[in-house]
Amino acid sequence: MAFPERFSNLPEYAFPRLRALLDPHPAGGEPIAMTIGEPRHAMPPFVAEVLNDALAGFGRYPANDGTPALLDSISRWLQRRYGTLVTPDRLMALNGTREGLFNAAVALSAERKNGATPVILTPNPFYQVYAIAALTVGAEPVYVPATAATGHLPDYASLPPALLDRVTIAYLCSPANPQGAVASRDYWAELLALAEKHDFRIFADECYAEIYRDAPPPGILEVAQQVGADPERVLSFHSLSKRSNLPGLRSGFVAGGPASIKAIRQLRAYAGAPLPDPLQAVATAAWNDEDHVAHSRALYQRKYAIADQVFGGLNAYMPPEAGFFLWLPVADGEGAALKLWRETGVRVLPGAYLSRDVNGENPGAGYVRVALVASEEETLRGLTLLRNCLYA
C-alpha cells in the first residue's frame with residue numbers, strides 16, 4: 001500500500017523522540033518534568049460556573065466561525081491590548097491555535113507562485129506545525145536560522161530576492177518558542193515592508209504574548225495599523241492555552257483581512273472541527289477577564305527571577321524577554337538531557353528536536369529547552385539541579 005512521499009522524511013515528533021531517549025534509563029532522582037509547554041497555573045476561577053451554565057449547548061452543533069459573543073469578546077480584547085479595531089468579519093475562533101496555523105496555510109497558500117513551486121518560510125528552531133503545513137500544501141519549507149547571531153529571530157530579508165518572490169507565507173513566533181525573543185516594532189514593520197515588496201502573507205504566532213518580563217510585546221496587528229499595511233498581508237494567531245492556563249480547552253483565534261478570513265472560514269465549513277458552544281462560552285469569559293491573566297503573569301515573573309538567581313554569573317545564560325521557556329546552551333542537547341535525567345531526574349527537551357538540519361547544521365543541537373511551568377518551589381529545585389549537573 002502506498003503512502004504519501006511528502007511526509008516520508010519527517011523526523012519522529014519531539015516528545016515520542018524524547019521518551020525513546022530517556023525512558024530506557026532510570027531517573028536519577030524524583031522526576032521533575034520541565035519539557036512540555038503545558039501551563040500548570042490555576043485555571044480562571046469562573047470556568048466551572050460558566051461551563052455548567054452553558055451545558056445545554058452540547059446538544060447543538062457549534063457555531064462554525066465562533067459565537068457572536070465570543071467574536072465580540074475577542075474584538076474588544078484586541079482593542080484593549082493593541083488599540084486595534086478588528087471587526088468580527090475579520091476573526092475566526094479556532095479549535096486550538098495549532099489547527100489555525102495549519103489550516104490557514106491550506107486555505108491561503110497558492111499552488112504556484114510566479115510560475116514556480118511556492119516557498120513557506122519558518123524560523124529554525126520553530127513550532128513543528130509550520131513545517132507540516134508547508135509539506136501539506138506542496139510548498140518548499142525553507143528553514144531560516146533564528147540564532148544568537150540574529151537576535152533569535154529569523155533574518156528573512158537576507159534571503160535571495162528570487163527565493164523571496166516565491167514565498168507565499170512567512171511564519172514568525174513572537175515571543176519566540178523556544179528562545180523567548182520578542183519582535184520589536186521595527187522588526188515587524190520591516191517584515192511587513194518585505195511582505196509587501198515580495199507579495200506574501202505573514203502568519204504571526206503570538207500565543208505567548210501575555211507572558212512577559214517587563215513590557216507587553218508589540219503585536220503585528222498594531223504595527224500593521226500604524227504603518228498602513230494591507231490587512232490581507234497579516235494573520236495573527238492567539239491562544240487561551242498560555243494566556244489563561246487552559247490548554248485542554250483547545251481555544252484560540254485568528255485575526256486577519258476579511259478576504260483571508262473568509263477563505264479560512266470556508267475551509268472550516270467543509271473540513272474543520274469547531275469548538276463546542278459551551279467551550280466557546282468559557283472562552284468568551286476568559287477573553288473578557290484580565291485579573292486571572294495578571295495573576296498568572298506575576299507567577300511567571302517570579303520564576304524569571306528564580307532563573308536569574310540560579311544562573312546568575314553564568315555567561316551562557318540568556319534571560320528570556322517573554323514566554324515561559326529557557327533556551328540553555330550546552331555542548332550537546334541530547335547528551336545533556338540524558339545526563340540530567342540519569343543523574344537528577346530532571347527532564348528537559350533537546351533543542352535539536354525543535355529544529356531541522358540545514359547544510360549539515362542544526363541550530364538547536366547545542367541547546368536544551370526548559371519549561372518554567374511548575375510551581376516556584378519545584379522550579380527552583382529543578383533549575384538548581386540542572387545548573388549543578390550541567391554547568392558545575
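**Close-up views of a predicted model: pockets, cavities and sheets**

By class, 14 nonpolar, six polar and six charged residues line the largest pocket. This is a predicted model, in which local features need pLDDT of at least 70 and side-chain atom pairs count only at pLDDT 80 or more, while totals for chains, interfaces and linings use all residues. Residues are numbered from 1 along each chain as its sequence is written, and side-chain values use heavy atoms, with hydrogens and water left out.

**View 1. Lining of the largest pocket.** The largest pocket holds about 550 Å³ of space. Its lining counts 26 residues, and Ile36, Gly37, Arg98, Tyr127 and Lys242 lie nearest the centre. Two or more lining residues come from each of α1 (14–22), α4 (97–108) and α9 (240–243). Helix α4 gives the largest share, three residues. A pocket is an open set of points on a 1 Å grid over the protein atoms alone, with protein on both sides within 12 Å along at least five of seven lines; a cavity is a set where a 1.4 Å probe fits but cannot get out; lining residues have an atom within 4 Å of a point. Grid points are joined across faces, edges and corners, and a volume is the space filled by probe spheres set on the points. Ala, Val, Leu, Ile, Met, Phe, Trp, Tyr, Cys and Pro count as nonpolar, Asp, Glu, Lys and Arg as charged, and the others, Gly among them, as polar.

**View 2. The largest cavity.** Two cavities of 30 Å³ or more turn up in a search of the whole structure. The largest has about 50 Å³ of space. Among its lining residues are Pro123, Pro125, Phe126, His152, Cys173 and Gln179. The lining divides into eight nonpolar, three polar and no charged residues.

**View 3. The second largest cavity.** The volume here is about 30 Å³. Lining residues include Trp77, Glu206, Glu210, His238, Arg243 and Trp287. Five are nonpolar, two polar and three charged.

**View 4. The seven-stranded sheet.** This open sheet has mixed pairing and the order β2-β8-β7-β6-β5-β3-β4. Strands β2 (91–94) and β4 (140–145) are the edges, each pairing on one side only. Two strands pair if DSSP finds at least two bridges between them. Helices (H or I, at least four residues) and strands (E, at least two) are DSSP runs, numbered from the N terminus. Strands β7 (234–239) and β8 (252–256) run antiparallel, joined by five bridges. Leucine 235 has glycine 256 of β8 as its bridge partner. Helix α7 (185–198) packs on the sheet and touches β5 (167–173), β6 (201–205) and β7, at about 150° to β6. Contact means heavy atoms within 4.5 Å. Axes are lines fitted to C-alpha atoms, for helices over the stretch in contact, and angles run from 0 to 180 degrees between N-to-C directions.

**View 5. The three-stranded sheet.** This open, antiparallel sheet has the order β9-β12-β11. Its edge strands are β9 (325–329) and β11 (349–350). Strands β9 and β12 share five bridges, and two bridges pair β11 with β12 (367–371). Arginine 369 of β12 is the bridge partner of tryptophan 327 and of leucine 349. Helix α13 (333–344) packs on the sheet, touching β11 and β12, and makes about 50° with β12. Four of the five residues of β9 are buried, so this strand is largely enclosed by the rest of the structure. Buried means under 20% relative accessible area (1.4 Å probe, protein chains only).

Methods: Buried < 20%, exposed > 50% of the residue type's maximum accessible area, 1.4 Å probe, protein only.
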